[in-house]
Amino acid sequence: MKKQFSKTIILSAVLAAFAFGSIASAASAKRLYMTCSACHGKDGKTPLMPAYPKIAGQNKGYVLQQIKDIMTGVRANGQSVAMKGVLVTPDGKPRFSDEDLELLADYVSKMAP
């Protein structure tokens with residue numbers, strides 16, 4: 001009986017940690033998106049200017065690749081210049097971790113298009 005109780009407590013702790021991690025990740029992603037909302041809109045589909053893309057519901061892999069291309073300079077059109085300043089420091093160092101970028105891309109992909 002005592003062994004079963006211990007297993008139940010351990011399982012509950014693991015599940016709680018997993019749930020908390022998911023909640024924390026969602027909150028982090030939402031915070032990260034606040035920077036994007038200045039140009040792409042709070043909902044990802046009402047951009048500040050017509051030239052800025054609607055990104056809500058966009059494929060996660062596509063969003064992530066676009067961010068990386070902007071960071072490295074592979075994508076360097078007019079709109080991306082401003083975005084690069086948000087993503088990297090003046091000396092070219094990333095402002096966000098790979099995990100942050102994954103969270104952000106996932107968040108954008110789950111926004112209602």
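1. **Ground rules.** The model is predicted, so local features need pLDDT of at least 70 and side-chain atom pairs count only at pLDDT 80 or more, while totals for chains, interfaces and linings use all residues. Residues are numbered from 1 along each chain as its sequence is written, and side-chain values use heavy atoms, with hydrogens and water left out.

2. **Confidence.** The chain averages a pLDDT of 81 (the predictor's confidence in each residue, from 0 to 100). A score of at least 70 is reached by 79% of the residues. Over residues 5-24 the pLDDT is below 50. Beyond near neighbours in sequence, this stretch has zero contacts in the model (contact means heavy atoms within 4.5 Å). Helices here are DSSP runs (H or I, at least four residues), numbered from the N terminus.

3. **The largest pocket.** Its space is about 530 Å³. A pocket is an open set of points on a 1 Å grid over the protein atoms alone, where a 1.4 Å probe fits, with protein on both sides within 12 Å along at least five of seven lines. The volume is the space filled by probe spheres set on the points, which are joined across faces, edges and corners.

4. **Its lining.** The largest pocket is lined by 29 residues (each has an atom within 4 Å of a point). Cys36, His40, Ile55, Ile70 and Met83 lie nearest the centre. Four helices each supply at least two lining residues: α1 (2-40), α2 (60-72), α3 (78-87) and α4 (98-109). By type, the lining has 19 nonpolar, seven polar and three charged residues. Ala, Val, Leu, Ile, Met, Phe, Trp, Tyr, Cys and Pro count as nonpolar, Asp, Glu, Lys and Arg as charged, and the others, Gly among them, as polar.

5. The whole structure holds three salt bridges (a side-chain nitrogen of Lys or Arg within 4 Å of a carboxyl oxygen of Asp or Glu). Glu102 pairs with Lys60, with the closest N and O atoms 3.2 Å apart. Glu102 lies in helix α4 and Lys60 in helix α2, so the pair ties together parts 42 residues apart in sequence. Glu102 is partly exposed, at 35% relative accessible area. Lys60 is partly exposed too, at 30%. Buried means under 20%, exposed over 50%, and partly exposed in between (1.4 Å probe, protein chains only).

6. **The other bridges.** Asp106 forms a salt bridge with Lys110, at 3.0 Å between the closest N and O atoms. Asp106 is partly exposed, at 24%, whereas Lys110 is exposed, at 64%. Lys93 bridges to Asp91, at 3.7 Å between the closest N and O atoms. Both Lys93 and Asp91 are exposed.
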